[in-house]
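Hello,

Here is the structure we spoke about, with notes on what was found in it. The notes follow below.

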Amino acid sequence: MSVFEMPDYDGHEDVAFFADKATGYRGLVAIHDSTLGPACGGTRMWAYADSTAALTDALRLSRGMSYKNAMAELPLGGGKSVIIGDARTAKTPAVMRAHGRAVDSLGGRYVTAMDVGMTEADMETMASVTRHVAGYAQPGKSGGDPSPMTAWGVFCGIRAAVAFVNGSDDLKGLRVAIQGVGNVGYDVARYLKEAGAELVVADVNDKNVARAVETLGALAVVPELIHAESADVFAPCALGAILNDTTIPQLKAKIVAGGANNQLARPERHGAAVTARGILYAPDYVINGGGIIRVCGQIYDWSDDDIRARTTRIGATLTEVFAAAKRDNRPTHEVADEIARARIETAKISKAA
């Protein structure tokens, strides 16, 4: 099957494959759309089962970045890159430099940042061979690690969702089940705790769970059952595809709002299934837009206050999506997709005029 025939191909502008025999590096970059600006999205390093799985991930994630950047009203297009390999065992400075050279070969059409398996040190290593890297601490520039701002945006989104369902954004006494309490999920949990919410958490990393239990008074459950907890809000903050044929019937929360990417295993089917159950779903690429806002702020030299204000507006954007979905009796992800596509198309028409 060619890339053009893959289910997740969506008119992508470019898909580039890279390999470096000397380092064992294998990776690819997918540019979905660059109408609004240079394609931007993080690098993910993962032990994919095969190259088809890696390509599928890149295609889906890059499309999501186009929509995420459009919904956040950023001067960026959508792209994503993946490195095939286990970040715990296969990542070396030489591999990072090889990926940096791959990014650099695209001449600024794609700007990378951090995603799963990457650290700020890895970004610095890539930056030694390309200037098209953002989202890590750079002396004299705003921004840095995007995770804290992602978490702030998710918290603002949860508050907006609660307000839409309950008529008030008061989180005191509400029970929130958080799947994944790593960099983003822990900060989301911390904000929720400060707002008076009760926390139930799960993570495949026992240390992450222990930290949430010890510092936030969270109740721990096994990862396989967190989605089915009796809670007001289910907040997926781990890997994607958590909303699927098996899990959706088991959901007890009335709101799904979390930081994970690609939460709907198959959007065309599972978005409608969530809606049919009367559950309010915060489209993932809208609610988790705080990280890319911070990255964009670093690229364009925005102040920290501006970055935070733009991220806080995620709540208002979600409220618009929720209201339109309720009015038209449609799944929220369809409404968000439609708004994002309209913004991109409007920009194309403007550029062509």
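Salt bridges

In the whole structure, a search finds 21 salt bridges (a side-chain nitrogen of Lys or Arg within 4 Å of a carboxyl oxygen of Asp or Glu). This is a predicted model, in which local features need pLDDT of at least 70 and side-chain atom pairs count only at pLDDT 80 or more, while totals for chains, interfaces and linings use all residues. Residues are numbered from 1 along each chain as its sequence is written, and side-chain values use heavy atoms, with hydrogens and water left out.

Arg 175 is in strand β7 (residues 175-179) and Glu 229 in the loop between β9 (219-220) and β10 (233-236), so the pair ties together parts 54 residues apart in sequence. Strands are DSSP runs of E with at least two residues, and helices are runs of H or I with at least four, numbered from the N terminus. Glu 229 counts as buried at 18% relative accessibility, and Arg 175 is partly exposed at 23% (buried is under 20% relative accessible area, exposed over 50%, partly exposed in between; 1.4 Å probe, protein chains only).

Arg 88 pairs with Asp 86, with the closest N and O atoms 3.1 Å apart. Arg 88 is exposed at 76%, whereas Asp 86 is partly exposed at 23%. Asp 8, Arg 60, Arg 266 and Glu 268 are linked in a network of salt bridges.

Val 188

Val 188 lies in helix α5 (residues 183-194) and is buried, with a relative accessible area of 0%.

Regards
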